Amino acid sequence: LTFCAGVMRENLPVTTLVDADFTYLNDSLAQFYGIRNVNGDGFRKVNLEGSQRGGLLTHASVLTVTSNPSRTSPVKRGKWVLENLLNTPPPPAPANVPELERSKLVGTLRERLQQHRADPACASCHSMMDPIGFALENFDAVGQYRQRDGCTDIDASAKFPDGTEVQGVDGLR
């Protein structure tokens, strides 16, 4: 809320919500984000140049509410971006589609989502949501930056239906 209010207060372009090189932090949030030299309980504007952060896409609040309790959710993250930033919400899921965890899909999360998209009824929506979420995979379920998930290197590459390929949040922006 402080970030959005700051963008409005400074009369910045709406695109700043996605590509800002600053945010508002207090010492606790700065520590969580791995940003140094922020002291005190009060929120202040902090330059993020040189960090992996910037804009709403990398706010821990957004990343946390678009995750599952124990892991990230490329689907939820992609859906949130489509609905809230691009104003293009996907249609509701078809009836009787099992959740990913309860289905018989195997492999990594990326591989299970790829298997899920093999169903044409699922592919139409997931082909837009999943790439957005994959590009945000360097952020864990609570929004901390990571390069590995357990023993596995993070693959934050994404390919959209039109063939556009992006790498991580910087490419997504």
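Helices and strands are here DSSP runs, numbered from the N terminus, where a helix has at least four residues and a strand at least two. The structure shown above is a predicted model.

**Exercise 1. Find which backbone nitrogens the side chain of N26 reaches, and which residues N26 touches beyond four places in sequence.**

Solution. Start with the polar contacts, for which the N or O atoms of a pair must be within 3.5 Å. The side chain of N26 comes to 3.3 Å from the backbone nitrogen of S28, and it also reaches the backbone nitrogen of L29, at 2.9 Å. Then leave out residues up to four places away in sequence, and the residues that N26 touches are V38, G40, D41, G42, F43 and R44.

**Exercise 2. Describe the largest cavity by its volume, its lining residues and the elements that supply them.**

Solution. The count of cavities of 30 Å³ or more comes to one, and the largest cavity holds about 40 Å³ of space. Its lining consists of L57, V62, L63, T66, R77, W80, V81 and L136. Two or more of these residues come from each of α4 (60-65) and α5 (74-85), with α5 giving the largest share, three residues. Sorted by kind, the lining has six nonpolar residues, one polar and one charged.

Technical notes. Residues numbered from 1 in each chain as written. Predicted model: local features only at pLDDT ≥ 70, side-chain atom pairs only at ≥ 80, totals over all residues. Heavy atoms only, no water. 1 Å grid on protein atoms, 1.4 Å probe; cavity = no way out; pocket = protein on both sides within 12 Å on 5 of 7 lines; lining within 4 Å. Points joined across faces, edges and corners; volume = space filled by probe spheres on them. Nonpolar A, V, L, I, M, F, W, Y, C, P; charged D, E, K, R; others polar. Polar contact = N/O pair within 3.5 Å; in protein donor to acceptor, adjacent residues only side chain to side chain. Contact = heavy atoms within 4.5 Å.
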